[in-house]
Amino acid sequence: MVCTAGPAASGALSVMRETLGMTMEMFIHDETPTDEVDRREKVLSGLADSVRDLVDATIRSTVPDDELAAVRAEVAALAARLRRQQLPGPAGVHYNSEGRSWNWGNAVVGLGNAVAPPVEIVHDAFGSAYAEMTLGAAYEGPPGMVHGGVSALMLDQIMGETASGFKRLTMTGTLTLRYRRPLPLGPVRMDARIAGEEGRKITVEARIGVPGEDTAVEATGLFLIPRWASVDETEQGWSRSAEG
Ligand SMILES: CCCCCCCCCCCCCC(=O)SCCNC(=O)CCNC(=O)[C@H](O)C(C)(C)COP(=O)(O)OP(=O)(O)OC[C@H]1O[C@@H](n2cnc3c(N)ncnc32)[C@H](O)[C@@H]1OP(=O)(O)O
């Protein structure tokens with residue numbers, strides 16, 4: 001999933017970057033042309049998909065020990081190839097003045113991050129979002145069940161995006177979870193909506209569960225627009241791109 005940013009959002013991000021120092025230096029104004037970003041994203045996300053498959057295959061492999069050792073050597077050689085050219089730190093969030101942005105390292109939605117499922121969050125209206133994805137063996141907590149911290153991670157992302165609507169920067173202040181029933185590994189669905197707003201405080205409610213079944217985890221979160229953040233209330237804020 002990709003974000004595209006309108007010109008107003010680019011302006012807002014510039015202000016944030018200047019205002020916030022170290023943390024918001026992760027919002028990087030980057031004039032890579034959109035077609036180059038699209039091309040790189042396709043190749044990088046393909047690699048991340050394969051690494052994700054490797055993670056699942058590793059967890060579930062029953063091949064003999066010597067075969068595991070041989071695969072390890074090959075994987076180490078591949079990592080060394082990728083290490084030949086590296087960013088000095090995390091991927092951050094990039095944006096260009098054509099309105100394209102990309103956050104390939106995000107732990108939940110990052111297309112270049114094999115740790116992320118990655119989740120494709122659909123914003124059907126401002127203040128309302130949903131996502132459907134599959135959480136496999138890499139996300140296990142109790143046997144056969146999604147780890148409770150993973151549910152919290154997934155919910156935090158969709159709730160943060162819902163509070164923000166890609167028009168304003170919001171940060172999680174408080175997140176309260178009620179684990180009503182275990183969530184089996186496999187297909188899951190999340191829904192989130194803004195339940196209320198008061199000044200810089202936005203309350204979001206969300207849930208995750210097996211599609212079509214009772215909610216497994218309910219969440220309520222208080223998301224704050226930090227006092228230092230600029231707010232872009234125009235319709236030109238960030239929006240999700242169609243290509244996902
Ligand atoms: C265009 C932009 C696009 C951006 C894309 C976004 C996509 C997002 C997707 C990302 C998804 C991933 C999401 C993530 O992972 S976000 C990462 C996890 N969260 C954090 O790291 C947040 C760390 N904390 C802070 O930075 C600050 O403490 C914040 C910003 C939260 C508040 O610092 P600020 O200096 O602004 O606050 P204030 O002192 O003026 O207080 C203001 C009011 O709020 C009340 N209060 C304060 N703290 C809390 C609290 N913790 N719970 C409840 N209430 C709290 C306070 O009592 C006061 O109330 P009142 O006295 O007025 O009644």
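## Basis

Residue numbers start at 1 in each chain and follow its sequence as written. In this predicted model, local features require pLDDT of at least 70 and side-chain atom pairs pLDDT 80 or more, while totals for chains, interfaces and linings use all residues.

## Annotated domain

An unreviewed UniProt entry lists residues 144–208 as "domain: Thioesterase". UniProt positions are in the numbering used here, feature names are shortened, and annotations may be inferred rather than shown by experiment. Residues 144–208 are 26% helix and 46% strand, with 16 Å between the end C-alpha atoms. Helices (H or I, at least four residues) and strands (E, at least two) are DSSP runs numbered from the N terminus.

Helix H4 covers residues 148–164, 17 residues in total. The expected span is 1.5 Å times one less than the number of residues. For H4 this gives 24 Å, and the end C-alpha atoms are 24 Å apart, which agrees. Of the 17 residues of H4, 13 are buried, so the helix is largely enclosed by the rest of the structure. Buried means 20 or more other C-beta atoms within 10 Å of the residue's own, exposed 12 or fewer, and partly exposed in between, with C-beta atoms placed from the backbone.

Gly165 follows H4 and has a positive phi near 60 degrees. Phe166 lies in the loop between H4 and strand E7 (171–179). Phe166 is not a glycine, yet its phi is positive, about 60 degrees. Phe166 counts as buried because it has 20 C-beta neighbours inside 10 Å.

## Cis peptide bond

The Pro117 to Pro118 peptide bond is cis, with omega near -15 degrees. Pro118 sits in the loop between strand E4 (100–102) and strand E5 (121–125).
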